[in-house]
Amino acid sequence: MRVGIPHFGNVYIPVKAMGQRLGASDKELIIPPPTSQRTLNLGVKYSPVEACLPFKLTLGNLIEACELGADTLIQARGTGICRLGYYAREQEQILHDLGYDAHFITLDVSHHKFAGILQLIKRMCNDAPWPKIISTFRFGMGKLFALDKIEKVVQKTRAVELEKGRANQIYREAIKAIDEATEGKEVKRATKEYVGKLNRVPKNPKADPVKVSIVGEIFVVLDPFANMDIELELGKLGVEVRRTMSLSRWVKYSLFLNPLGIDEWKEVHKVAMPYLKRDVGGDGWESVGEKIVHAREGYDGIIHLAPFTCMPEIVAQNIMPSTKEDIPVLAVLCDEQMARPGMITRLEAFVDLLKFRRKRGRI
Amino acid sequence: MIKVGIPRALYFYQYYPAWKTFFEKLGAEAVVSPPTNKVILDSGNLRAVAETCLPVKVFFGHVISLVDKCDYMFIPAIRSLGRKAYHCSKFLGLPDMTKAVVPECPPILDPEIDLNEGRRNLQKVIYSLGRHFTSDKGEIKKAAEEARKANLAYRSKMSDEKITPVQAIDGAHRDKEELDFDPDITPTLSLAVIGHPYVIYDDYINHRLISRLEAMGARVFTQEMAPQEALEIAMARLIGKPHWSFEVDVIGAGEYYLEAKVDGMISVAVFGCGPDSMMIDVVRHRAREFKAPFLHLSLDEHTSEGGLVTRLEAFLDMVKRKKKECPLITSPYLSGDGRERICV
């Protein structure tokens, strides 16, 4: 069995770590090359025209995995309203038409998540004993949490660093170090080391960066290729980016705390209630709620990311302007037509607007 | 008398007779907006976010046209109409989106329909909807029962008489005279038109597609003209359990009519429709396997009538030629078998 996975942000790092722990060789666990223009072109060429960007990108990844010889592919699946439930079915058909006889394994991300993921790992590694699987899983998650922890520091440092690009360079080194770590202890040591390095980056002491929150559909928010490195670009403009959504948070809550009845979005849903009464699938409800929460928390602006034609986010977009809280929202729709210079121009204009509002507020 | 506004958009085409019966039995009057026109489309278009799909923009337009004509606006939030099969987000967000986009809208009646929650939940939803008109539980129950019967009668009328919802609701087609429709014309082709009812029956947004095809000499079949069970069986055979409740409208009808060997198939979708971007591809793939002529029309508010007509004419020409089983035009130098080369 040669397993291939699609890319989604840094997910490949914990997956690779778990694979190596369980003794899978490079032939058995195929991580496709990082998402590139070629990936996108392949995805766009073979997808239905109006499919959303995550579909096209993951299809491109899977094609590249098949080219490397993968015969079993993993794809997420959710029940409910969004197109995600259709991904595996449609992609299997497309790959079949292309002549790849790959078998799909779907990972249900809306029900039985924890047990489902563990069982999937067990199935993949020919029934290794449970203790080994659980320790492997912990190791993988350790990497995931470490990456997100460093990213949080990077988001803050980018905005105030004196030498632009320094934080990002350290961040890239950190990703590499964590990817290469083979022991839990090493991961912890690397995290500490790189957080320290980031804290020592020379900063502008007078800087008071504008704070922007990023909300929207989880794939385009968390995948730097899909959103054209929007956080990096904002950092270059001297903006402090904060986002609630992260993979480690998703894992923490949906695998461990939600089954215990703790809902991380409870507060967000509560404030969204007067404007949107029910879950509309995807992350639409959360987008509306987060706008209100972040406006109250004193953020300067919101950037709303969504794939073009994403149904839940269109609902959110229609509702957002009607909320009482007055905060600028920039909607950025991601698709294959998006170009970096166009996006940067929009970001610059948006950041100017935020700075102007701040000044006006102080007078 | 309390007036309840029902926009002539989205689920109107499937459930209007049931809704009308329900409200009238409870002593209210059902006020329906006029068929879509330019004013309605433009007023909805102006208010909604640009990425919103055409039917939802049209829906807002209908709501705006009803604003000062009714006391309540009836906009159900439909989560699910079948086991473990859901609806597009926009149906769920519809009442709240309307409130945000059309702030002057009268109070919205927004029952949340979710058949996954079971019969009892549905009854509760119906009671709380009926309570706006009467406090008598028995009366609400009776009205709901009447509505159910009206819906069944409506469905069987369409499948028995082979007519479209518009014909069943309004009587004869409005536009036939306008298109020089010859009533004595005998249809020579059978064409299946698949898509969401709110796209294929809204004559304004699809530029009178069905009457146009009929005027060109085609007998048009839509999903309402086939028995519901047959559509469900066809869909189950092809894809198993549906993911969306309206998959039966598109994939079920597509598979059913492909197996019934229609001469050609036209799928109609609006630009940016999430579910259709996936579903149409399944049907297209099937049509290729059946070697059936297949045309996909993607509509938006800019679709020009002239372009659409040209495409329909070209498609019908192709279907006619295929039906006569003529070989395509080939070069006389390449084929020496003496077959007839050109026919019309």
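A: Chain A has 363 residues and a radius of gyration of 21 Å, which agrees with the value near 21 Å for a compact globule of that length (taken over C-alpha atoms; the globule rule is 2.2 Å times the number of residues to the power 0.38). This is a predicted model, in which local features need pLDDT of at least 70 and side-chain atom pairs count only at pLDDT 80 or more, while totals for chains, interfaces and linings use all residues. Residues are numbered from 1 along each chain as its sequence is written, and chains are lettered from A and ligands numbered from 1 in the order in which they are written.

The C-alpha trace of chain A spans about 65 × 45 × 45 Å along its principal axes. Its secondary structure comprises 15 helices and eight strands (DSSP runs numbered from the N terminus: helices are H or I with at least four residues, strands E with at least two).

An automatic or database assignment divides chain A into domain 1 (3-128), domain 2 (134-204) and domain 3 (208-363). Between domain 1 and domain 3 of chain A, the C-alpha centres are 26 Å apart. Their contact takes 17 residues from domain 1 and 23 residues from domain 3 of chain A (two residues are in contact if their C-beta atoms, placed from the backbone, lie within 7 Å). On the domain 1 side, helices H2 (37-46), H3 (53-67) and H5 (113-124) of chain A each supply at least two residues; H3(A) gives the most, with four residues.
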